[in-house]
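Please look over the sequence and the structure before turning to the points below.

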Amino acid sequence: ELRSEPDRGRFGLTTRAVALGELLAVERPPVFFLHEETSGINCSHCFRESSAPLPSPTCTQTVFCSRRCQDEAMATYHVTESKFMDVLFQHGLRKKEWFLALRTVTMKPLAYFLEQGIGEHDSAYGTKDGLIYDGQDFKSLYNLVGHHPEWSFKEHAYKAFFSLFFVRCLQKSNYFGESQSTGGELNQEELLIGT
């Protein structure tokens with residue numbers, strides 16, 4: 001069963017004896033990102049190594065193993081990311097969790113996040129009120145334990161800076177479309193995505 005504790009977040013707990021080697025769960029990751037060291041060698045979508053990679057139609061650093069992977073990437077994150085990802089790689093951004101956060105946004109259009117009605121953070125999401133946990137549900141990802149209370153001011157400032165930086169990258173790639181702000185201040189949609 002799925003449980004939640006304040007300092008631990010969501011976790012699975014067996015309610016019966018488990019045999020050695022017994023498969024308990026399989027979960028597809030809700031977000032993924034290929035490490036830059038294998039970019040150009042492995043497929044940027046399924047991560048398989050390809051002997052005859054198919055190049056991206058929008059950038060020079062990304063390859064795909066098949067037309068299917070290319071089409072899936074082009075229909076979700078790749079068009080947006082290809083407009084600025086080379087800058088991130090060239091400037092040595094090394095914290096991979098930042099790329100996962102960015103991919104979480106670029107996998108879906110702005111309308112998706114506006115429809116979600118994110119609300120207050122709830123680390124017990126999916127473990128109560130009859131909700132069934134779904135690892136592909138954005139709210140399950142959003143409500144992971146964040147450890148925000150333990151962060152120092154410096155850590156909060158650092159993370160806020162990168163959130164703003166990514167919002168600016170998304171603006172340059174026209175992710176916000178008609179909802180994009182025109183001045184220096186962020187509008188509600190951009191603040192939501194930054195959050």
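The points that follow cover the overall layout, the pockets, the salt bridges and some individual residues.

The structure is a predicted model, in which local features need pLDDT of at least 70 and side-chain atom pairs count only at pLDDT 80 or more, while totals for chains, interfaces and linings use all residues. Residues are numbered from 1 along each chain as its sequence is written, and side-chain values use heavy atoms, with hydrogens and water left out. The chain contains eight helices and four strands.

**Overall layout**

- Helices (H or I, at least four residues) and strands (E, at least two) are DSSP runs, numbered from the N terminus.
- Read from the N terminus, the elements follow the order β-β-β-β-α-α-α-α-α-α-α-α.
- Along the principal axes, the C-alpha atoms of the chain fill a box of roughly 50 × 45 × 30 Å.
- Of the 195 residues in the chain, 32% are buried, where buried means under 20% relative accessible area, exposed means over 50%, and partly exposed lies in between (1.4 Å probe, protein chains only).

**The strand hairpin**

- Strand 1 (residues 2–5) and strand 2 (residues 9–12) run antiparallel and are joined by four bridges; two strands pair if DSSP finds at least two bridges between them.
- Three residues separate strand 1 from strand 2 in this hairpin.
- Within the pairing, Arg3 stands opposite Phe11 of strand 2.

**The largest pocket**

- A pocket is an open set of points on a 1 Å grid over the protein atoms alone, where a 1.4 Å probe fits, with protein on both sides within 12 Å along at least five of seven lines; its lining residues have an atom within 4 Å of a point.
- The largest pocket holds about 1,200 Å³ of space, a volume being the space filled by probe spheres set on the points, with grid points joined across faces, edges and corners.
- Its lining has 31 residues, and those nearest the centre of the pocket are Trp98, Ala101, His148, Trp151 and Thr195.
- Helix 4 (96–106), helix 6 (138–142), helix 7 (153–172) and helix 8 (188–194) each contribute at least two residues to this lining.
- Helix 7 gives the largest share, with eight residues.
- The lining of the largest pocket comprises 21 nonpolar, eight polar and two charged residues.
- In this classification, Ala, Val, Leu, Ile, Met, Phe, Trp, Tyr, Cys and Pro count as nonpolar, Asp, Glu, Lys and Arg as charged, and the others, Gly among them, as polar.

**The second largest pocket**

- The second largest pocket has a volume of about 320 Å³.
- Residues lining the second largest pocket include Glu1, Leu2, Gly12, Leu13 and Tyr133.
- By class, this lining has six nonpolar, two polar and two charged residues.

**Salt bridges**

- The structure holds four salt bridges, each a side-chain nitrogen of Lys or Arg within 4 Å of a carboxyl oxygen of Asp or Glu.
- One of them joins the side chains of Arg3 and Glu1 at 2.7 Å, N to O; Arg3 is partly exposed, at 37% relative accessible area.
- Another links Arg16 with Glu22 at 2.6 Å, N to O, and Glu22 is partly exposed at 29%.
- Glu72 also forms a salt bridge with Arg68, with their closest N and O atoms 3.1 Å apart.
- Both Glu72 and Arg68 belong to helix 1 (residues 67–75), where they lie four residues apart, about one turn of the helix.
- Glu72 is partly exposed at 34% relative accessibility, whereas Arg68 is exposed at 62%.

**Individual loop residues**

- His45 lies in the loop between strand 2 and strand 3 (54–55) and counts as buried, at 13% relative accessibility.
- The side chains of His45 and Tyr77 are joined by a polar contact of 2.9 Å.
- A polar contact is a pair of N or O atoms within 3.5 Å; within protein, one must be able to donate a hydrogen and the other to accept it, and residues adjacent in sequence count only if both atoms are side-chain atoms.
- Phe47 is also found in the loop between strand 2 and strand 3, and is partly exposed, with a relative accessible area of 31%.
- Although Phe47 is not a glycine, its phi is positive, at about 75°.
- Asn174, in the loop between helix 7 and helix 8, likewise has a positive phi, near 65°.
- Most residues other than glycine have a negative phi.
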